[in-house]
Amino acid sequence: MPIGTPAYYASPTVLLGATDISSVVSSATVTAGYDELEITAFGNTGHRMTKGLKTAEVSLSCFATYGVGSLEATLNDILGDGNTTVTISNDEVEWEITNMMLSSAPVINQTTGEISTIDVTLTGGEWTRTAL
């Protein structure tokens, strides 16, 4: 059974809460999974595992913007919150991760003569995937 055609998306939509940051995101990675729980019992000859709680990580590379309504202001608003919703979608699928935590962010990252970037990683939360 074929798994589909490889997709190229030049501009997926990225939301941090209700704020659309798509215009400053240069790359986004969503990693979704489950905690591993060991269920090995007497008599087993190897480790046995089952899934536990959902886990998620979202890594974003963004072009830095500063001032009112900027990326830096948005990151400041969610820093340490632990209740942030991240939504990343394209024409075919949407991933929504609720209750994410941004525990730290390099909010000032500047070098003379270069376009400034900010790389952040949000962790935790519960994810859902929706085919569009």
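This is a predicted model: local features need pLDDT of at least 70, side-chain atom pairs count only at pLDDT 80 or more; totals for chains, interfaces and linings use all residues.
Residues are numbered from 1 along each chain as its sequence is written, and side-chain values use heavy atoms, with hydrogens and water left out.

Strands are DSSP runs of E with at least two residues, just as helices are runs of H or I with at least four residues, and both are numbered from the N terminus. Two strands are taken to pair if DSSP finds at least two bridges between them.

Strand β1 covers residues 13-16. It is joined by four bridges to the antiparallel strand β5 (residues 84-89), where Ile88 stands opposite Val14. Strand β1 also pairs in the antiparallel sense with strand β2 (residues 19-20), over two bridges; here Leu15 has Asp20 as its bridge partner. Strands β1 and β2 form a hairpin with two residues between them, and Gly17 in the turn has a positive phi of about 65 degrees. The covered face of β1 carries Val14 and Leu16, while Thr13 and Leu15 are on the uncovered face. In a regular strand the side chains alternate between the two faces of the sheet.

Further along the sheet, β6 and β8 run antiparallel and are joined by six bridges. Among the residues involved, Ile97 has Trp127 in β8 as its bridge partner. Strand β6 also contains Asn99. The phi of Asn99 is near 60 degrees, a positive value in a residue other than glycine. Accessibility was classed with a 1.4 Å probe on protein chains only: buried means under 20% relative accessible area, exposed means over 50%, and partly exposed lies in between. At 41%, Asn99 is partly exposed.

Aromatic pairs were then assigned. Rings of Phe, Tyr and Trp (its six-membered ring) pair if their centres lie within 6.5 Å; planes under 30 degrees apart are stacked, those over 60 are edge-to-face, and the rest are tilted. This rule gives two aromatic pairs. In one, Tyr34 and Trp127 are edge-to-face, at 5.7 Å centre to centre and with 65 degrees between the planes. Tyr34 is in strand β3 (residues 25-38) and Trp127 in strand β8 (residues 126-131), so this pair ties together parts 93 residues apart in sequence. Tyr34 is partly exposed, at 33% relative accessible area, and Trp127 is buried, at 13%.

The rings of Trp95 and Trp127 also pair; their centres are 5.5 Å apart and their planes are at 50 degrees, so the pair is tilted. Trp95 lies in strand β6 (residues 93-100) and Trp127 in strand β8, so the parts tied together are 32 residues apart in sequence. Trp95 is partly exposed, with 22% relative accessibility.

A charge sits over a ring if NZ of Lys or CZ of Arg is within 6 Å of the ring centre and within 35 degrees of the ring normal. Lys54 lies over the face of Trp127, at 4.5 Å from the ring centre.
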